[in-house]
Amino acid sequence: MTRALSWFFSFVALGAVTLLVGVFVWQSLPVWHHEGWHYITGTKWFFRQKEFGTLPMIYGTVIVALIALVLAAPLGFGAAIFTAEYLPRRVRLAVKVLIELLAGVPSVVYGLLGILLLRDWIYNLFEKFEPLSGDTLLTAGVLLAVMILPTIVTLSDDALRGVSSAQRRAARGLGLTHAETVLSIALPQAKRGLGAALLLALGRALGETIAVFLVVGRQDNNLPEHVFSLRAWLDAGQTITSKLGGSETNIAYGDHVHWGAMVGLALLLLIMTGTVTLLGTGFGKRSDA
Amino acid sequence: MKILPSLLALLVVTPTLFAETLKINGSTTVNLPAAEAAEILRVEQKMDIQIDTQGGSSGGISMLGDGLIQIGMASKPVSDDDRAKFPKVKFDEIHVGQDAVAIIVSKDVWDSGVHALTKQQIQEIYESKITNWKDVGAKKSIRIAFFNKEPGRGTWEVFAHWVYGDPKKAPQVSFPEVGGNEETRNKVSSTRGALSQLSSSWADGKKVFALGIKGDDGKVVDPTNENIANKSYPLSRPLFLLTNGEPTGAARTFVDFMLSDRGQELVKKHGYMRLKDLGK
């Protein structure tokens, strides 16, 4: 009975996902028909001229998430090593609860903090490079870094605690210092779990909407010549989520191709976050074996 | 694509099974105070009101024309074309407020001496032909940081209508975009060289400054209540509730509430001008 039920619920979940993807594919068909592959490789999005190229938005999404990851990963790993390896058990749990609380703060709250503090900070800090305003890809990236930090810390902490303490004792018995034990025993053994923490955090960063929406500037068609040019990060940009969160969805409704283009964006995002999340879960799983 | 409209139709049709549901639809601009009024009437008078913004002003007009709703909301007058499309419907426009759009700038721009722009200059800024405040009379060189109001917002429509005659004729541009009034004011006030479009009642003259519009004769018209009321300030539009003939029953109650002092306070709260401000 339990078995039948669990099969049933698994199928419901699977069916829901399939249906979701199916609806997105079906609803976005007009734009694929209209643009073809140009929908992904095109660099111009002008809906009144019926031009739908999403590359600048894909660029924005990826760059913002990468900035966040690069900033949050060292901090997150460092904090996790501290909580997992150095803090006494009781204190560790208290700290962990606090960090997990941070992960639960609604993203609009982070977004408002971003507007209040981060925008002006970035705007003034990089004044020499003459950003046009405080709404930049970098601002969104830094804000996202703060938001994904708790995810990285708590998952990495779990991964480190997953390393058996017998190994640590053996290392100490062989005369390794505490720091050496962490660096050459705990970290290497937990590396799959740490990788999974990064990938799951990346998944969250890619899909974050409202906080990014408030600080990224929402400027269409901003694709720099050099993708990794740091100066370009100080320009406003558009991510897939900030586009979908804007009022254009209301305009698109009723126009087959335009609506298809918006749904297509959702499909692209779903594919991106889905891939990263699947990789992350798969990555973490194998570490138990 | 077919499924969504039929689902929506279902949502609209189902409540007709119950008597006395007041259905309202149309412009998002008018919706702000109207939705709040509906909320008050629901609680205080136990009225059953459904309010929605499918299709904006045009949606309000056509759904009233089709008899799907009792009150339409529109931020533009009903055109002769609309009246011709629904010959049996006697559109009654009830003026409940006025929305004026100010062209606002940050303090440094104001202090550098730019207090007014011509329509031509605004158009060239919109098309990125002018990118420095110095070219429009500033004492020093400041880059123009233009925050475009999201297309689809009422404020943007008024702006585009004024500059290009028809929002559909406005060229497509890529500027950073802003949405709500609070966001616009915040971002403009904290950015050097900033420019944006904003509902005039939000231009406080402390953090952000409303530019005047310089006419062909060189005369500057500021967005003051008086200039908006006598229509010499060009960027404004009326907010209407639409009914088919004189409103009766629940629709009458709703219209009367919007015209009452409390209803008018809601109009003001959402950044529009009350009828009283217009001298009516």
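How many residues of chain A are in contact with residues of chain B? There are 25 on chain A, and they meet 18 residues of chain B; contact here requires C-beta atoms, placed from the backbone, within 7 Å of each other. This is a predicted model, in which local features need pLDDT of at least 70 and side-chain atom pairs count only at pLDDT 80 or more, while totals for chains, interfaces and linings use all residues. Residues are numbered from 1 along each chain as its sequence is written, and chains are lettered from A and ligands numbered from 1 in the order in which they are written.

I turn next to the strands of chain B. Helices (H or I, at least four residues) and strands (E, at least two) are DSSP runs, numbered from the N terminus, and two strands pair if DSSP finds at least two bridges between them. Strand E9 (residues 209-214) of chain B is joined to strand E4 (residues 91-105) of chain B by three bridges, and the two run antiparallel. Within E9(B), Ala210(B) is the bridge partner of Ile104(B). Three bridges also link E9(B) with strand E5 (residues 116-118) of chain B, here in parallel, and Lys214(B) in E9(B) stands opposite Thr118(B).

Finally, E9(B) runs antiparallel to strand E10 (residues 220-221) of chain B, with two bridges between them. Val221(B) in E10(B) is the bridge partner of Ile213(B). E9(B) and E10(B) form a hairpin with five residues between them, and Gly218(B) in the turn has a positive phi of about 85°.

Note on methods:
Two residues are in contact if their C-beta atoms, placed from the backbone, lie within 7 Å.
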